[in-house]
Amino acid sequence: MSVHQSSEKARPSAVAWVVLVAAFGGFLFGFDTAVINGAVGPIQDLFGLSEFMIGFTVSSALLGCILGAWGGGSLADRMGRVRAMVFAAALFFISAIGSGLAFGAVDLIAWRVVGGIGVGMASVIAPAYIAEVSPSRLRGRLGSLWQMAIVVGIFSAAVSNAAISHVAGGAAEQLWWGMDAWRWMFMIEALPALLYGLLALSIPESPRYLVSRGRDDDAAVVLRDIVGLGSDEAIHTKIAEVRKTINLEARQRIRDLISRGHVLPIVWVGLGLAVFQQFVGINVIFYYSNTLWQSVGIPEDQSFLIQVITTLLNIAGTIIGILIVDRVGRRIPLLIGSAGMTIGLGTMAVAFSQAVVTTDAAGEEVVGLPGAWGVVALIAANVFVLFFAATWGPFMWVLLGEMFPNRIRAVALGVTAAANWAANFVISTVFPSMAEASLVFAYGFYAVSALISLVFVALWVPETKGRELEDMGDGTLRPTRK
């Protein structure tokens, strides 16, 4: 047993508090990215947006996410993890109010980009902080709270949207102070954003940041009281290890990902995981499901209820993933997840191919799924979400954090995270245009992507369960699978 492990005597209440506060950024992450789902239809109608422009408006936040993820780590290194969290909370607050008061598509896009920067920052700052303050024996479980907070945030946005729409009688109807309900869907986020900023001020700075600023005594206090290193020897050893790692990461550059003129194979694997996680269309469900179900004849109030149920399954699937990740490994669940997603998405494509157009009493054309096909589509969509949430949702991030060699881990993780946001932006932007052309084509594309992801995992993705981070090779060859 190592010196660190034998000396860990962290106070559970102290550890739990700082981790929960940091993970609250994940709640806002999920809420901010999903809240627009309930407002897509009214925004498109009010501002007269084309299919491409509504897609760009919805996905514009992801441009901010790319910027926030790319620069969030270096910003946190300069100003500290806690102050960076407060800054991200301020961006969430400003975006919530600005989006709710938007007077056109241009300023709405701008406010969504501001919120996206906050999301991107939170996506790199909070997980890093949690890892830095968690006792080693609890790091896996405490780190998983980040993913759980995200899916709870997505669920909360669905519940909030449904409640506001119900009270107003529709997302486009007026609610309090003469403002449309969809505006309140955005502005309600200001409350948890304000709470996040205030709570962040109550937690200690990361020992890693303190060491980087030469504040070893302050770092020792956090390592003793939060991380639980009980002896001076363990604390001094840990501080020395942190300083060594900081020096290693400071020397990492993008060019380190290239060897002999070629991108390292393990980096290609990471990029593949990041892109496939989005190309299966998971965020289409969370960004557009209300308008999707309404487009095939399901009433608005029922579409909001469906979104709530779907986000509940998302939470259930994430819990399953947390329970199996350290028991089963990474590769086998990813393979099963790809297979399940292929079946769910393929079934949705078949169901949408059965859609028929009828004429209502007012003489307007109405699209619907006849017979049992509506139920089939709903079940298939939720099967897809469940398989994704239990596997590809959390496991991709686990693999990206584990499989890169130490000498490139920081820079490789930044590049692959940015690729994930970029893929999310592409899929989210083009969905309305794809759906207008053919829902069968859209979900057929996602199904094919899921099938290709199965082959990709089988051929190239390594198993990292039970392996030390120092045993990941040099990146020139694919790590041995177990």
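Modeller: Happy to. A word on terms before we start: buried means under 20% relative accessible area, and exposed means over 50%. Please keep in mind that this is a predicted model.

Let's begin at helix H3, which spans residues 40-47. Its buried residues include Val40, Pro42, Ile43, Gln44 and Phe47. An α-helix has 3.6 residues a turn, so residues three or four places apart point the same way. Just after H3 comes Gly48, with a positive phi of about 60°.

Next, the charged pair. The structure holds one salt bridge, and it joins the side chains of Arg112 and Asp32, at 3.8 Å from N to O. These partners come from distant parts of the chain: Arg112 belongs to helix H6 (residues 105-133) and Asp32 to helix H2 (residues 12-34), 80 residues apart. Are the two partners buried or exposed? Arg112 has a relative accessible area of 2%, so Arg112 is buried. Asp32 is at 1% relative accessibility, so Asp32 counts as buried too.

From there, turn to Asn161, in helix H7 (residues 139-168). Its relative accessibility is 3%, and therefore Asn161 counts as buried. What does its side chain meet? One of its polar atoms lies 3.0 Å from the backbone oxygen of Val35. Leaving aside residues up to four places away in sequence, Asn161 touches Ala34, Val35, Gly38, Met185 and Phe304.

Conventions: Residues numbered from 1 in each chain as written. Predicted model: local features only at pLDDT ≥ 70, side-chain atom pairs only at ≥ 80, totals over all residues. Heavy atoms only, no water. Buried < 20%, exposed > 50% of the residue type's maximum accessible area, 1.4 Å probe, protein only. Helix = DSSP H or I, 4+ residues; strand = E, 2+ residues; numbered from the N terminus. Salt bridge = Lys/Arg side-chain N within 4 Å of Asp/Glu carboxyl O. Polar contact = N/O pair within 3.5 Å; in protein donor to acceptor, adjacent residues only side chain to side chain. Contact = heavy atoms within 4.5 Å.
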